[in-house]
Amino acid sequence: MRRIATVVGTGALLLAMAACGSEVGFGGQPSNKPTATSTPGQPTSDPNIAIPKPPEGGTAIPDKQLDPASQDMDGYKRLVWTKDNGATVGTYGREGGCSKVTGEAVEQTDKSIKLLLTEKVPAKPQACTMDMRYPPVEVKLAKPLGERTVSVEQRIEKK
């Protein structure tokens, strides 16, 4: 009986030591593998990051109509689309466990449209889930987009 306990104990110890030598888990060593790289406005080299597409019924606007400074909060190229024959313009916003994103067209001229995305966060610290969501945010325009350019600005507002 004592011999069985010794064998089981030795097996458990060997298993624990093998786990500590792996790259994953507590006590593992960091990998020397190169990390995914990305330049603002360019796609990532990480195959696990999905390239966004417009929601159903949306058509992405050409790059020439998007202000190059209109990157998302993470520095990636922003996707902007139109719906309803250009009468609605949309993009993906960012919100978290306690925050909510809204959008509005703050400026509409004959040459350009300026969208403002506002992520409203609680004014006082509180317990929130640690998740990020990227919901579509769409705004009705006074007249269809046509050839006008679109710029998107973002801000965080405490509510």
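User: What is the mean pLDDT of the chain?

Analyst: The model is predicted, so confidence comes before any detail. Of the residues in the chain, 69% reach a pLDDT of 70 or more. Over residues 34-42 pLDDT stays under 50, and the model has 16 contacts beyond four places in sequence for this stretch. For the chain, the mean pLDDT is 81.

User: How many helices and strands does the chain have?

Analyst: Along the sequence the pattern reads α-β-β-β-β-β-β-β-β-β. The secondary structure therefore comes to one helix and nine strands.

User: What share of the contacts with a separation of 6 or more joins residues 24 or more positions apart?

Analyst: The chain has 159 residues, and 25% of them are buried. Among contacts with a separation of 6 or more, the share from residues 24 or more positions apart is 68%.

User: Which strands are the edges of the open sheet of four strands?

Analyst: The order in this sheet is β1-β2-β3-β8, with antiparallel pairing. An edge strand here pairs on one side only.

User: How many bridges pair β2 with β3?

Analyst: Strands of a sheet pair through backbone hydrogen bonds, either parallel or antiparallel. Strand β2 covers residues 80-83 and strand β3 residues 88-92, and their sense is antiparallel. W81 stands opposite G90, while K83 has T88 as its bridge partner. The number of bridges between β2 and β3 is four.

User: Which residue stands opposite T82 in the pairing of β1 and β2?

Analyst: β1 and β2 are antiparallel and pair over two bridges. T82 lies in strand β2, and beyond four places in sequence T82 touches G57, G58, T59, I61, T88, V89 and L145. The residue opposite T82 is T59.

User: Is T82 buried or exposed?

Analyst: The cut-off for buried is under 20% relative accessible area. T82 has a relative accessibility of 15%, so T82 counts as buried.

User: What is the relative accessibility of K83, and which residues of β2 are buried on the face with K83?

Analyst: K83 also lies in strand β2, and K83 touches P55, E56, G57, G58, T88 and E138, leaving aside residues up to four places away in sequence. K83 counts as buried because its relative accessibility is 18%. In a regular strand the side chains alternate between the two faces of the sheet. Both faces of β2 are covered, with V80 and T82 buried on one side and, on the other, W81 and K83.

User: What is the phi of D84 in the turn between β2 and β3?

Analyst: Most residues other than glycine have a negative phi. β2 and β3 form a hairpin with four residues between them, and D84 is in the turn. D84 is partly exposed, because its relative accessible area is 48%. The phi of D84 is positive, about 55°.

User: Is N85 buried or exposed?

Analyst: N85 lies in the loop between β2 and β3 and has a positive phi of about 60° although it is not a glycine. The cut-off for exposed is over 50% relative accessible area. With a relative accessible area of 79%, N85 is therefore exposed.

User: How many residues lie between β5 and β6 in their hairpin?

Analyst: Strand β5 (residues 100-108) and strand β6 (residues 112-121) run antiparallel and are joined by eight bridges. In β6, K120 is the bridge partner of K100. The number of residues between β5 and β6 is three.

User: How far apart in space are A142 and A105, C-alpha to C-alpha?

Analyst: A142 is found in the loop between β8 and β9 (149-158). A142 counts as exposed because its relative accessibility is 73%. In sequence A142 and A105 are 37 residues apart. In space, C-alpha to C-alpha, the distance is 9.3 Å.

User: Which residues are closest to the centre of the second largest pocket?

Analyst: About 160 Å³ of space lies in the second largest pocket. Its lining has 14 residues; by class, seven are nonpolar, four polar and three charged. Closest to the centre of this pocket are G96, G97, C98, S99 and E119.

Notes
Residues are numbered from 1 along each chain as its sequence is written. This is a predicted model: local features need pLDDT of at least 70, side-chain atom pairs count only at pLDDT 80 or more; totals for chains, interfaces and linings use all residues. Side-chain values use heavy atoms; hydrogens and water are left out. Two strands pair if DSSP finds at least two bridges between them. pLDDT is the predictor's confidence in each residue, from 0 to 100. Contact means heavy atoms within 4.5 Å. On a 1 Å grid over the protein atoms alone, a cavity is a set of points where a 1.4 Å probe fits but cannot get out, and a pocket is an open set with protein on both sides within 12 Å along at least five of seven lines; lining residues have an atom within 4 Å of a point. Grid points are joined across faces, edges and corners, and a volume is the space filled by probe spheres set on the points. Ala, Val, Leu, Ile, Met, Phe, Trp, Tyr, Cys and Pro count as nonpolar, Asp, Glu, Lys and Arg as charged, and the others, Gly among them, as polar. Buried means under 20% relative accessible area, exposed over 50%, partly exposed in between (1.4 Å probe, protein chains only).
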